[in-house]
Structures are given as C-alpha cells and as structure tokens.
Amino acid sequence: MPDIPCHPVTPMHVLNRRQAAGTLLALAGASAWPGAASAAPDAQALLAQSDAIRNPNQPFKVTVTLTEFEKGVQVNTTTLLSLARTLEAGGQFASLVRFVQPARDAGKVMLKNGSDLWFYDPGTKSAVRISPQQRLMGQAANGDVVTVNFARDYQATVAAEEAVRDGEKQTRKSYKLMLAAASSDATYGAIELWVDAGNSAPIKARFFAESGRLLKTAFYRKFQPQLGVDRPTETVIIDGLDPQAVTLVRLSDYGLRNAPTSWFQRDYLPRFSAE
C-alpha cells in the first residue's frame with residue numbers, strides 16, 4: 001500500500017452548488033489574510049497555473065494505472081490509455097480513454113467532449129451517457145481519469161496561506177483555494193485545493209459532494225519532468241469515510257499525440273483503436 005500522510009476528516013457544510021459558492025466565498029472573505037484584501041493573489045490565476053502543471057498545453061497521450069488497496073492489501077488494478085486535446089483555443093479538454101487491462105475490459109472507451117461523457121462497449125456496440133461522478137474503480141470516479149481544467153469548471157477564492165504536509169510528508173508553504181462549482185456538469189460540488197506558494201503546483205485536494213459530505217482526499221506527488229514541466233506522476237486518493245480505502249493513480253509514458261479532432265466524437269467510437 002502506498003505510504004500516505006495522516007489527515008483529519010472534517011465535513012464541510014455545503015448544501016448544494018449554489019450554497020457551496022456562497023459558503024466558500026464567505027469563508028474566503030473571513031480568511032487568514034492579514035491587512036487589505038488586495039494582498040491575496042489572484043485565485044483564478046493560481047488555479048489556471050496549477051492546471052497547466054497537471055496537464056500539458058499540447059495534445060498528448062498518457063498511460064493511467066489505477067491500483068485499489070483495502071486495509072493495505074491490493075484488491076484491483078486497471079490500466080487505461082488516455083488521449084487529450086483542446087478542441088478550441090483556451091477551451092476545456094476533450095479526452096478519449098481506452099481500457100487496456102484487465103483483458104475483460106480491453107477495448108472499452110470513455111469519451112469526454114464538453115459536458116458530455118460517453119462510455120462505449122465494443123461487445124454491445126453501443127455508446128451510453130455516463131456521469132463523471134460515477135465510481136470507476138476504488139476511490140477514482142469517471143471524472144478523475146479524463147483530463148479537465150479546474151479553472152473552467154470552478155470559481156476559486158483564496159482562503160488562506162498555510163503550511164501543509166504534502167504526499168512526500170514534507171511541509172510546504174501553500175495557498176489554500178476554495179473552489180465552488182461553476183457549472184452543473186462539474187464532477188464535484190466543491191473542492192479545497194492547496195497549491196505551492198512558489199510555483200502553483202498542486203499539493204493536496206479535498207473533494208466534496210453537493211451535500212457537503214467529504215468524498216475523498218488526494219495527494220499529488222512524485223513530480224517528474226514530463227513534456228517540459230515537472231508534473232505529479234502519482235495521485236494518492238483516500239476515501240472520505242474510510243482512510244484504509246486508498247486508490248493510487250499512476251501516470252506514465254507521457255508523449256505528444258496530435259489525435260485528429262474527428263476522433264473526439266461519439267459517432268467515431270466504434271472505429272477508435274488508438275493505434
């Protein structure tokens with residue numbers, strides 16, 4: 001089981017997306033920033049910078065390996081090949097995710113294009129709409145394995161400047177961002193995100209349902225040079241209720257891949273092979 005830092009599980013009282021936004025903005029207004037409010041950095045800019053570290057700004061491919069642990073014992077694993085690109089300047093990513101392993105799932109595909117998320121099964125030759133909130137494996141939801149720009153889906157405010165323990169058990173100076181869902185198709189109702197105060201790299205995140213229930217905590221770690229930027233190649237996801245339920249997301253084999261825009265359409269899914 002991956003070595004992870006301890007963390008407190010504290011529910012956030014958010015009743016729905018609209019109330020989430022109001023609550024987060026109120027929290028930010030009463031934040032730990034001393035002096036004038038203008039002293040706080042631009043939260044949305046910090047979020048966009050963090051997005052750029054998580055995701056290359058060119059069409060790319062990456063292998064995603066999910067490994068699920070229960071009480072320290074590996075219970076499941078899945079390997080995916082992801083292709084991602086933006087379909088318009090400054091727009092949200094479109095993603096094609098092909099299942100590679102286990103063999104029973106090989107060839108299945110997920111497509112994210114705009115607010116639509118589709119699942120295609122070559123066995124039934126049908127594409128069905130699915131929810132990004134739906135669990136894929138362990139603590140990882142469908143929306144966690146498609147490439148997204150948080151800055152497009154969430155409105156950010158800076159809550160505080162904090163020292164936070166990262167996934168390598170190191171203490172780092174950070175900005176704590178409160179993210180309120182800005183659209184109905186956002187995967188989560190609200191997110192707390194800690195980014196490095198020096199370079200905006202993502203450190204830690206807590207993800208909440210619309211009800212305010214803590215769904216999971218994620219630690220971004222093992223930063224390595226990938227396509228010109230130090231990016232997190234592992235994310236440790238811990239269940240919000242059971243800290244012994246852990247999913248490790250590994251990213252490997254990054255490469256530039258300018259997949260045609262025609263591939264990112266529902267009608268193309270029966271022909272997609274990613275070869």
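**Strands and salt bridges**

A search of the whole structure finds eleven salt bridges, each one a side-chain nitrogen of Lys or Arg within 4 Å of a carboxyl oxygen of Asp or Glu. The model is predicted, so local features need pLDDT of at least 70 and side-chain atom pairs count only at pLDDT 80 or more, while totals for chains, interfaces and linings use all residues. Residues are numbered from 1 along each chain as its sequence is written, and side-chain values use heavy atoms, with hydrogens and water left out.

Four of its five residues are buried, so β4 is largely enclosed by the rest of the structure. Buried means under 20% relative accessible area, exposed over 50%, and partly exposed in between (1.4 Å probe, protein chains only). Strands pair if DSSP finds at least two bridges between them. Strand β3 (residues 93-101) runs antiparallel to β4, joined by four bridges, and Val-97 has Met-110 as its bridge partner. With strand β5 (residues 116-121), β4 pairs in the antiparallel sense over five bridges.

Next, look at Glu-234 and Arg-221, whose side chains meet in a salt bridge of 3.0 Å, N to O. Glu-234 lies in strand β14 (residues 229-239) and Arg-221 in strand β13 (residues 214-226), so they tie together parts that are 13 residues apart in sequence. Both Glu-234 and Arg-221 are buried.

Key. Helix = DSSP H or I, 4+ residues; strand = E, 2+ residues; numbered from the N terminus.
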